[in-house]
There are 2 protein chains.
Amino acid sequence: MTDGYRGRRTLITGGLGFLGSALAVRLADLGAQVTVVDLPGPLPALQRARREQLPATVAWQPCDVCDTPRLAGLLEPQDVVFWLAAQVSHIGSMEAPLADLDVNYRSLLAALEACRPWRSRPRFVFTSTRQVYGRAESLPITEAQRPRPVDLIGIHKLAAEQALRLYAEVYGLSTVSLRLTNTYGPGMDFDDPRKGVAGVLIGQAVRGEPLTLFGGEQRRDFNFVDDVVDALLRAGRCDELSGDGFNLGHPQPRSLREFAETLGRLLPVSIDIVPFPAERQAIDPGDSYCDFSRFQRATGWFPQYDLASGLRETLAALPQVSVPQPDYSLA
Amino acid sequence: MTDGYRGRRTLITGGLGFLGSALAVRLADLGAQVTVVDLPGPLPALQRARREQLPATVAWQPCDVCDTPRLAGLLEPQDVVFWLAAQVSHIGSMEAPLADLDVNYRSLLAALEACRPWRSRPRFVFTSTRQVYGRAESLPITEAQRPRPVDLIGIHKLAAEQALRLYAEVYGLSTVSLRLTNTYGPGMDFDDPRKGVAGVLIGQAVRGEPLTLFGGEQRRDFNFVDDVVDALLRAGRCDELSGDGFNLGHPQPRSLREFAETLGRLLPVSIDIVPFPAERQAIDPGDSYCDFSRFQRATGWFPQYDLASGLRETLAALPQVSVPQPDYSLA
C-alpha cells in the first residue's frame, strides 16, 4: 500500500515539523520527489536540525502557508500534498483565536480555492485531530459521533475537514482527512508543553525530572511516528478514499499513568500526580481514544508499534540516554 | 416572553437587512434602546429606504463587523447583541470563500474574543441557518442530525455556532444560535436571486413574470418575518438557553410549487418548472425542513402565520399590488 511513490511529486506543508520531517525522509526513501514547505525566517534549533537531516534530494522551500500566491505556485506541479502545517496547541488556540483560524483553516481554504481551476490538481492529505469530537460520547470514538469541539483547534480543523469534503463533492478534488491522536517518536519536541503530553513526559524522564501528570487516568491512543507516517502514505495512495475524515488510533489505549509507568521500565522516573489546573480542565476532553477500523478496512493500516516498543525506539534515538535491555515482554 | 425589553440596550448587526430592520422596529416598539449597525459607505436603495423607516429613537452606526476595534466599542455597553450580519447567498459563498469566511465567522470570533475580558458582557443571539445540516438524513431535521454542510456558508455558520457554544462553556458568555430556514415578508429583497427563493418568486409574481422553479417539489419551511422576529426576541430574553443551537421551522412545510400556487391565489401567475442548473444542483440540499419543537419547548415560540396569511401580508405592503379578497380558508 505504501509503494507507488517512486517518481511521484509530493509536497509537505509543515515539513520541518516532527511528523512532517519523518514523512519527508520516508518519501525520499521511497523514491518520491519531495518538497518540504515550512515557515520562512530564521529557523528555531529543532527545525534547523531537522532540515539538516533531510536527504539531499529533498527540496526545501520556505513559505508561510498563509502566503497563498507563493504557496499555489509550489502546489501546482504536485501529485500529492500532505497538509501538515498547523498550530497544534490547545492553549495556543484559545490564546490567539484568529491566528489559529488563519493557520488551521483559512490558509487551507485559500489553497483549495487556488487549486480549483487547475487542469491537474494534487491530491490533498490533511492531518486533522481527534479534537474535532470534543468529549467522547462513547468509547472508542467512531466517525459516527457528532463533532462538538471543546477548543478552537477542534473547531477550525473541523471546518478544514468540511471544506476538503465540500471541494471533493462539488469540484471533484481528491482529498482525505486523517484524525490523528497522540503521535510520539524520535525527533519530537520534548521541551514545549504545548506540543502535547507525550513529549512533555518523555522530556521530563530524559532530564531526570519527576513526571507531572494532571489526573493521570485519562486514556489516550498513542501512535508511534512510523505508524502515522505509514497511515499518511496509505491515505495518499488510496484515491478511492475521497472527501471523508478517518480516525487513526491504537488497539491498546493507555492512561497517562500507564504511559509514565511504561517509561519507568526504560528509565528511572518518579511520578507526580497533580490536580488539573482550571484553565486546562475546561478544555480537557477526558478519556479520548478512537476506533480506527474504518481506516483499517479501507487501507489495511494497523499500528505496528505498541507503547513499550515505540518508547524504546524513541529513547534509543537520544544520544544522552542509555536504554536498558527490556525486562518486559512486547505485547 | 417578548416583554422585558423596555430600557434594555440592544444592538443589531446587519440591522439594515430585511430581518434586522424588522427587528429594530419591533424592539423600538417594545421600548428598548436600539443601535443598528450595518456597512458604512453609500447605502444601496433598499437599505437607505429601511434606514429612513427606522423610528427616530433608533441609533444608526455605520460599521463593518470586520472592523473589530470599532465594533467592540459599540458592543461593550449593550445588554443584548443580535448578530444578523451575514453573507447569505449559497452561490456567493462558493464564489468568494474567503470573504464568506471573514463575514460569516472571523468577524464574530474576533468580537467574542474582544468581549471576553469585559466585566459586563452582552448576550449574543446569532442567526445561523439550516444549511449547517446539509442534506436531510430524515425529515423533519432535528438538532440530533450530524451537520454536514453542502456549501461554505453552512461550514462557516457552523464554525460560528461552535465558537459561540465554546465561549459560553469556557468563559461563561451568554450565547444562543437560531437556525433559520426561509424567511419572507414585507420589506424583503424581491430583486436579488441570491437572497433566497421566496423573494425571487414573490418578485416574479409582482412583476407579472412567470415563476421559475428549479424542480419545484423541494419542500421548505417558510417563516413569516414577524414570527422570526418573535423567535429572536424570545431567544434574547431566555438567558437559560446558553451555548446551544436551535432550529426554527414551520408546522406546515410547503414545496416550492405549493408556494407558487399559494401566490397564484393572490395574484395572477404562471409557473415554469425547469431543470436544475448544474452548479445549483451540486449545492442544493433537496427537501429540507426542520423540527423546531426543542425551541418551542424552551421558549413557547410557535409560528403564528401560515403561508397564505404571510404571503397576503407581504403583498398587502406593496403599494403597486392590489390583493384580492381571499377565496381560501386560512388553515
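This is a predicted model: local features need pLDDT of at least 70, side-chain atom pairs count only at pLDDT 80 or more; totals for chains, interfaces and linings use all residues.
The side chain of Q204(B) has a polar atom 3.1 Å from the backbone nitrogen of T212(B).

Residues are numbered from 1 along each chain as its sequence is written, chains are lettered from A and ligands numbered from 1 in the order in which they are written, and side-chain values use heavy atoms, with hydrogens and water left out.

Back to Q204(B), which sits in helix α7 (residues 197-206) of chain B. Helices (H or I, at least four residues) and strands (E, at least two) are DSSP runs, numbered from the N terminus. Is Q204(B) buried or exposed? It's buried, with a relative accessible area of 10%; buried means under 20%, exposed over 50%, and partly exposed in between (1.4 Å probe, protein chains only). Leaving out residues up to four places away in sequence, Q204(B) touches E209(B), P210(B), L211(B) and T212(B), where contact means heavy atoms within 4.5 Å.

Now for where the chains meet. Here 37 residues of chain A are in contact with 37 residues of chain B. Together the two chains bury about 2900 Å², 61% of it on carbon and sulfur atoms; that's the accessible area (1.4 Å probe) that two parts lose on being put together, summed over both. The rule finds four salt bridges across this interface, each a side-chain nitrogen of Lys or Arg within 4 Å of a carboxyl oxygen of Asp or Glu. One salt bridge pairs D102(A) with R106(B), at 2.6 Å from N to O. On chain A's side, α4 (90-95), α5 (97-115) and α6 (152-171) each give two or more residues, and α6(A) provides the largest share, 13 residues.

| Cis peptide bond | Omega |
|---|---|
| L139(A) to P140(A) | about -10 degrees |
| L139(B) to P140(B) | near -10 degrees |

Most peptide bonds are trans. P140(A) is in the loop between β5 (123-129) and α6 of chain A, while P140(B) lies in the loop between β5 (123-129) and α6 (152-171) of chain B.

Technical notes:
A polar contact is a pair of N or O atoms within 3.5 Å; within protein, one must be able to donate a hydrogen and the other to accept it, and residues adjacent in sequence count only if both atoms are side-chain atoms.
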